[in-house]
Amino acid sequence: MGSISLNGINKSFGSTEVLKNINLDIKDGEFLILIGPSGCGKSTLMNLIAGLEELNAGEIVIDGKDVSEESPKDRDIAMVFQSYALYPTMNVARNICFGLEMNKVPKSEQESILKRVSELLQIDHLLDRKPGQLSGGQRQRVAMGRALARSPKVFLFDEPLSNLDAKLRVEMRTEIKKLHKRIGTTMVYVTHDQIEAMTLADRIAVLRDGELQQIGTPYEIYNDPISHFVADFMGSPGMNFIECIVKDENLIIESGGKKYELLIPCTDALNNSNLDVVLLGIRPEMLTEVQPLAVNNKFIQKVKFDVEVIEPMGADTVAIGQWNDSEVMVRLSPESGNSAGNGFDLQVDTSKAILFDPSSGLRIR
Amino acid sequence: MTSFKFTKYNIGRAFIYLILLFFAFIYLAPLYVMFTTSLKDIEEIRSGNLMALPIDPTFYAWKKAWSSACTGSDCNGLAPYFWNSVRIVFPAVIISTIVGAFNGYVLAKWKFKGSEFLFGALLFGCFIPFQVILLPMAKLLGMLGLANTVTGLVLVHVIYGVAFTTLFFRNYYVGIPTELVRAAKLDGAGFFAIFRHIFIPLSAPIFVVTIIWQFTQIWNDFLFGVVYSGSGTQPITVALNNLVNTSVGGKEYNVDMAAAIIAALPTLAVYVIAGKYFVRGLTAGAVKG
């Protein structure tokens with residue numbers, strides 16, 4: 001079916017290198033997310049897989065066959081574009097069948113495919129409409145229908161949800177995930193939205209400045225990031241980063257006007273690094289109000305915390321304060337009743353804390 | 001009008017309308033004079049007022065202008081030349097529009113090394129004055145054996161028009177999202193299929209603009225017509241000139257006026273029929289998918 005191997009991909013536009021030596025194996029049936037900030041080359045990589053751009057070096061193998069030199073139509077790939085790119089003069093039915101028509105699929109077969117696809121996506125009542133008469137969500141479905149009709153080996157999605165409003169985006173996200181479950185075709189999906197990445201992916205590939213930073217499951221990317229960049233990119237509210245002085249395998253932090261020595265895991269690595277100052281990375285959900293029934297764990301510690309700003313988000317409340325002159329976000333339950341300007345006892349769980357080299361941004365481990 | 005007040009706004013409006021009416025009058029006055037004069041007989045023109053309505057309207061001048069007025073030594077009216085113009089204009093407009101559409105498609109969506117330069121060079125063609133190419137073109141037509149023929153004139157107009165039609169189509173097609181081309185490529189459509197199934201159906205407004213433009217240009221052309229035509233292949237503009245300059249006895253102003261209106265009628269008709277698309281086409285922006 002649709003496995004993809006990218007081997008040593010290089011791509012430049014003029015003198016700017018957009019992609020540098022990308023190596024990536026995508027398994028058959030996998031849902032792979034390409035994520036990164038804008039300008040990191042993720043869309044270019046997708047266009048290369050589709051054959052819409054030409055490689056400067058490397059090879060693309062789909063289903064065991066080198067397709068680097070083949071034209072897009074011979075790669076058996078379907079793509080959903082950010083702007084949907086529906087053909088404006090054709091009605092929905094013809095939009096969906098255009099690929100079949102071009103590939104000379106018999107009319108009767110086209111009809112049955114159209115019926116199947118439009119029922120699957122619940123757009124069978126829209127078949128006579130033109131794209132201009134559809135809402136954003138409906139266009140999105142038609143664009144997916146067009147991709148589905150040809151039953152390709154691989155689906156490519158280029159930020160397909162970024163033109164939708166927030167509520168519809170969440171709905172369509174779930175639908176794409178369901179769709180993947182049902183048809184089991186390999187999907188490569190470009191986004192800059194880390195929540196989309198976390199929720200949809202089997203594996204996430206994080207790109208930065210044309211280089212592959214890390215590839216792994218959402219759990220690995222979230223909990224075991226390879227660098228400051230990856231850690232910072234994933235999660236909302238984002239991970240806290242605090243520069244700390246190292247003292248006897250502990251980190252010194254100043255919080256609520258007092259100094260604390262914070263016990264942390266991975267002390268061996270810290271010793272080996274010989275650094276005097278490290279960057280502590282700790283997720284906001286590891287900083288909470290004191291839990292009465294907390295398990296006994298030496299990494300759970302208490303510090304005083306002064307709240308500067310409170311941001312209620314419904315399910316939980318984010319409180320912002322200072323540690324060592326860096327902003328720190330903590331995640332409280334909405335019932336905790338803390339308010340800005342107050343201090344309280346903060347429970348810090350450092351068991352999942354990670355350390356970075358402040359100069360290189362790489363993990364210390 | 002009961003609630004009309006002399007507010008600042010209303011006075012301003014009135015002033016604007018007055019100016020517009022004044023200019024409309026200035027622009028339409030010649031047409032009025034031409035039309036009324038063409039319906040008068042020659043006695044009335046000599047004795048009467050230029051602006052007066054005809055006392056006894058007659059289509060004599062129109063008949064004569066169409067079928068029996070003298071254009072040089074022939075006295076068959078404008079009719080044969082009218083059909084010459086038709087035989088020149090239709091193929092020239094159709095060919096130059098199709099070539100322009102195709103050029104525009106390539107220059108907008110299938111860029112290649114040097115395509116921008118090529119487009120610039122083509123644009124340059126829009127600025128070359130007619131007079132400059134008269135002699136070389138005459139030489140070329142002679143070499144091709146097309147001198148003094150309708151085909152030759154068609155060729156000249158196509159070559160001269162392609163610069164404009166390419167510019168129109170290229171600028172229109174640049175506004176069509178490239179993602180449509182990419183989507184169609186992935187759907188398995190090739191160069192021609194994309195043009196036929198996606199671009200042509202989107203092109204109605206720009207086709208109208210180009211056809212009006214080319215039709216007007218070629219129908220109204222005098223210089224190429226007078227230089228490259230033979231005695232039997234002259235377009236109507238040249239014949240009109242000959243008609244007006246041929247005087248047997250006194251000047252027949254009514255015939256001249258009728259002939260001028262006949263010569264201008266087709267372009268007028270094109271504007272009336274397709275004019276609203278003209279404005280729409282010129283201002284048409286990107287196509288939202």
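In the predicted model, residues 24 or more positions apart account for 68% of those contacts in chain A that have a separation of 6 or more. The secondary structure of chain A consists of nine helices and 21 strands. Of its 365 residues, 38% count as buried, and the C-alpha trace of chain A spans about 75 × 45 × 35 Å along its principal axes.

Chain A and chain B meet through a contact that takes 21 residues from chain A and 17 residues from chain B. On the side of chain B that touches chain A, helices α8 (178-186) and α9 (191-202) each supply at least two residues. The largest share of this side comes from α8(B), which provides six residues. By class, the side of chain B that touches chain A comprises 10 nonpolar, two polar and five charged residues.

Because seven of its nine residues are buried, α8(B) is largely enclosed by the rest of the structure. The buried residues are L180(B), V181(B), R182(B), A183(B), A184(B), K185(B) and L186(B). The elements that cover them include parts of both chains: α1 (42-50) and β6 (77-80) of chain A, together with α4 (79-109) and α9 of chain B. After α8(B) comes G188(B), whose phi is positive, near 95 degrees.

Chain B is assigned two domains, domain 1 (8-58) and domain 2 (79-283). The C-alpha centres of these domains of chain B lie 33 Å apart. Contact between them involves eight residues of domain 1 of chain B and seven residues of domain 2 of chain B. On the domain 1 side, α1 (8-38) and α2 (42-47) of chain B each supply at least two residues, and α1(B) gives the most, with four residues. The residues on this side of domain 1 of chain B are divided by class into four nonpolar, two polar and two charged.

Two packed helices are described by the angle between their axes and the distance between the axes. The axes of α7 (residues 150-174) and α10 (residues 204-220) of chain B come within 10 Å and cross at roughly 155 degrees. An angle over 145 degrees counts as roughly antiparallel, and α7(B) and α10(B) are therefore roughly antiparallel to each other. The crossing of α7(B) past α10(B) is right-handed. From α7(B), the residues that take part in the contact are H157(B), G161(B), F164(B), T165(B), F168(B), F169(B) and Y172(B), and these meet I206(B), V209(B), T210(B), W213(B), Q214(B), Q217(B) and I218(B) in α10(B). The contact of α7(B) with α10(B) contains eight nonpolar and six polar residues but no charged residues.

Leaving aside neighbours within four places in sequence, T267(B) is in contact with F215(B), T216(B), W219(B) and N220(B).

Technical notes: Residues numbered from 1 in each chain as written. Chains lettered and ligands numbered in written order. Predicted model: local features only at pLDDT ≥ 70, side-chain atom pairs only at ≥ 80, totals over all residues. Contact = placed C-beta atoms within 7 Å. Domains from an automatic or database assignment. Nonpolar A, V, L, I, M, F, W, Y, C, P; charged D, E, K, R; others polar. Buried ≥ 20, exposed ≤ 12 C-beta atoms within 10 Å, placed from the backbone. Axes fitted to C-alpha atoms, helices over the stretch in contact; angles between N-to-C directions. Parallel < 35°, antiparallel > 145°, perpendicular 65-115°, else oblique. Left-handed = near helix turned anticlockwise from the far one by under 90°.
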